[in-house]
Structure formats: structure tokens, C-alpha cells
Amino acid sequence: DDIPPEDEPAAAAPSAPPAPTPAAARVVLKPTALGERWAGLLAPLLGAGGLTALVRELAVQAEWVAEQGSQWLLRVERESLRTSALRDKLQAALAAAGHAVTLELQAGVAQDSIALREAEARERAQAAAEGLIRDDPVVQQLLAQFPTARIVPGSIKPVEPA
């Protein structure tokens, strides 16, 4: 008797909270002064294509955590990026750009890296684009006019600046 007839839909069962998404599990950017310097220092090298392949990946994933004169300590999570060959190539690229330094790579999760800064910028742009659509009077009017209409999450993409 507890089973509803086939022509009547069953009441929705209470749902469990959604499983955490990869974005919710990610490390949150915690900006630092050294992180700002690292991003500024590498911007010309990255923009000019002066860093390629895994050396570029090392540079964008690394967090500059300490300096003692020309000794710089970078924190890098991925073991595959913490090789002496990649470190030496990054050191050489920095030296060619006028920064003769010795890099030391330390294992650990970066909290202020170029990659995290770029991810946060993408998230801010996405949220702004979604807000523009959600708050648009024409969109609100259409949603009110068509009760089954909805905005599909993730279907809105920010426009890249020209």
C-alpha cells in the first residue's frame, strides 16, 4: 500500500548533500608579496615564450616561499617537476633575464603560484559572466514568462578580452 500507483509520480526522496566537486577541494590562493614578485618576474618570460614545456610548468606551479640573497626557495607539489634538470633550466632562464639566482625546490602544496592566480582569475570571470546573465532584465523576464525555463549551470562562458 505504500507504493504509489504507476500513474502517480513518487514524491522526491530527500537528497543527500552533493559530493564535493574538484573545484571545492582545490587549494585556495593565499596571495603573498613573494608570490606577487614571482608572477611579475615571470610574466615577461612566459609572455615571450622564454619558458616552454615542463620548465614553464615548473614556473607556473611553483610558489616562491623564501629568499636569502641569491638563494631562492620554491615550493612545488608535483615530484615530476622537482628535478635538477628542470630547476637548472629555470635557473638559466632567470639568469638570461638578469636574475642570477640559485633555486632550491621543496616538496609541498603551493598556496600562491601563477597557476593558482590564473585559476582564481578564471573563476572570477566565470562568476561575473553568470551574474550578468542572471541579473539581466530580459533574462529575468523570459524566466518569469516561461516557468520551465532555466539557466543551465556551466553553460555561460565569459568572453575573452580582445
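**View 1. Helix α5 and its partners.** The buried residues of α5 pack against α2 and α3 (contact: heavy atoms within 4.5 Å). This model is predicted: local features need pLDDT of at least 70, side-chain atom pairs count only at pLDDT 80 or more, and totals for chains, interfaces and linings use all residues. Residues are numbered from 1 along each chain as its sequence is written, and side-chain values use heavy atoms, without hydrogens and water. Buried in α5 are Ile114, Ala115, Leu116, Arg117, Ala119, Gln126, Ala129 and Gly131 (buried: under 20% relative accessible area; exposed: over 50%; partly exposed: in between; 1.4 Å probe, protein chains only). Helices are DSSP runs of H or I, at least four residues; strands are runs of E, at least two; both are numbered from the N terminus.

**View 2. The length of α5.** Helix α5 covers residues 114–135. At 1.5 Å a residue, its 22 residues should span 32 Å, and its end C-alpha atoms are 31 Å apart, which agrees (expected span: 1.5 Å times one less than the number of residues).

View 3. Leu86, Leu90, Gln91, Ala93 and Leu94 are the buried residues of α4. They cover an arc of only 160 degrees around the axis, so they sit on the same side of α4 (arc: that of the directions from the helix axis to the C-beta atoms). The face turned away from this buried side carries exposed Lys89 and Ala96.

**View 4. Around α4.** The buried residues of α4 pack against α2 (33–47), α3 (53–61), β2 (71–76) and β3 (102–107). Just after α4, Gly98 takes a positive phi of about 95 degrees.
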